[in-house]
Amino acid sequence: MKTIYCIGELLIDFVAENQGSDLSKAEVFTKKPGGAPANVACAIAKLGGDSKFIGCVGLDPFGTFLLDVLEQNKVDTSLAQRSKTFTTLAYVSIAADGERDFVFSRGADKKLKYDSAIKKGFEENMVHFGAATALLGGGLEEAYCRYLFDALTQKAFISFDPNFRGDLWKGEEKIFVKKCMHFIEKAHLCKFSLEEAQLLSGEKELEKACAILHEIGTQIITITLGEKGTLISTPSLKQMVATIKVDPIDTTGAGDAFIGCLLYQISLLNDPHLILDDNERFVEMVEKANKAGALTTKKFGAIPALPGHDAIF
Ligand code: ATP
């Protein structure tokens with residue numbers, strides 16, 4: 001089994017209890033572990049895979065809580081770092097008009113220091129770049145870009161999920177798109193939402209969007225489309241893969257469960273790069289990943305809702 005290194009942020013989401021009021025009125029918040037790459041690391045480990053998290057939290061109790069959550073979910077945290085800077089915090093509420101009200105206190109996640117010793121571990125393993133905050137600058141962005149170079153030179157299988165958050169890039173979407181290009185060019189597999197596929201390709205129509213994204217470099221594209229399932233596109237395969245029917249109560253983390261489950265299955269191959277040669281097997285893997293995404297919507301929260309091995313296989 002290959003090891004999957006997941007690089008990026010681990011943070012606290014403080015979710016306002018009284019939905020329907022903006023943050024200025026919210027009084028009670030629930031503390032939840034957050035950060036897409038951390039969710040993906042948990043999704044992989046919960047299925048029985050081998051995931052290692054690379055990211056930075058504060059030396060404060062929130063940082064301790066977050067690393068405990070990863071360890072309880074069997075993620076290897078030996079490469080995680082701690083900084084004197086406070087753990088990154090996000091405060092979220094859904095206001096009466098349905099819009100997300102959002103305050104972001106960026107702290108320790110951006111303090112990640114590149115460690116050249118990690119590179120050796122990438123050799124013929126897998127590296128997932130899935131951070132929502134990585135391209136916002138700081139040490140994390142520098143480390144993120146250097147680890148991409150390391151993953152390439154070590155012939156790792158590279159996966160990229162841009163995790164675009166409109167709240168973080170208001171008015172600066174073009175900068176986000178530009179920063180993603182290098183990752184789309186080098187990643188073997190990219191996971192996009194509908195919004196991301198359209199934003200990054202500059203094209204509304206999905207078939208054309210895939211063609212543009214392939215042209216940039218990536219060979220395997222998955223576009224997750226909620227209850228409709230997933231559109232997959234490779235040089236020899238273009239197909240919608242249906243998902244299972246569920247009654248969703250909270251869609252948080254569905255995309256992370258999807259990519260975690262897909263990467264877990266690829267990690268079981270002797271050579272992950274060979275997935276491109278077996279279309280039938282790839283479609284079966286995406287069916288399972290869809291199921292993982294769907295089941296995650298049946299429970300509240302991201303990490304607690306991630307399915308275990310027996311629920312999927
Ligand atoms: P995120 O908001 O976590 O980044 P995303 O937009 O990337 O998520 P979704 O499309 O919401 O991802 O979900 C990922 C996958 O999970 C979908 O492709 C689908 O297979 C499955 N899924 C999500 N929502 C549902 C649903 N309501 N019914 C069935 N399957 C679902």
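Okay, so first, the model is predicted, so local features need pLDDT of at least 70 and side-chain atom pairs pLDDT 80 or more, while totals for chains, interfaces and linings use all residues. Residues are numbered from 1 along each chain as its sequence is written, and side-chain values use heavy atoms, leaving out hydrogens and water.

Let's start at the ligand. There are 19 residues around the ligand, each with a heavy atom within 4 Å of it. Lys 191, Gly 226, Thr 230, Thr 243 and Asn 290 come nearest.

What about polar contacts, meaning pairs of N or O atoms within 3.5 Å? A polar backbone atom of Gly 226 is 2.7 Å from a ligand oxygen. Thr 230 brings a polar side-chain atom to 3.0 Å from an oxygen of the ligand, and Gly 255 has a backbone N or O atom 3.1 Å from a ligand oxygen. On its own the ligand has 630 Å² of accessible area, and the protein covers 84% of that (Shrake-Rupley method, 1.4 Å probe).

Which element gives the largest share of the shell? That's α9, with three residues. Helices here are DSSP runs of H or I, at least four residues.

Now over to Ser 51, in strand β4, residues 50-54 (strands are E runs of at least two). Buried or exposed? Ser 51 counts as buried because its relative accessibility is 1%, and the cut-off is under 20%, with a 1.4 Å probe and protein chains only. Its side chain reaches the backbone oxygen of Ala 41 at 2.8 Å.

How values were computed
Polar contact = N/O pair within 3.5 Å; in protein donor to acceptor, adjacent residues only side chain to side chain. Buried < 20%, exposed > 50% of the residue type's maximum accessible area, 1.4 Å probe, protein only.
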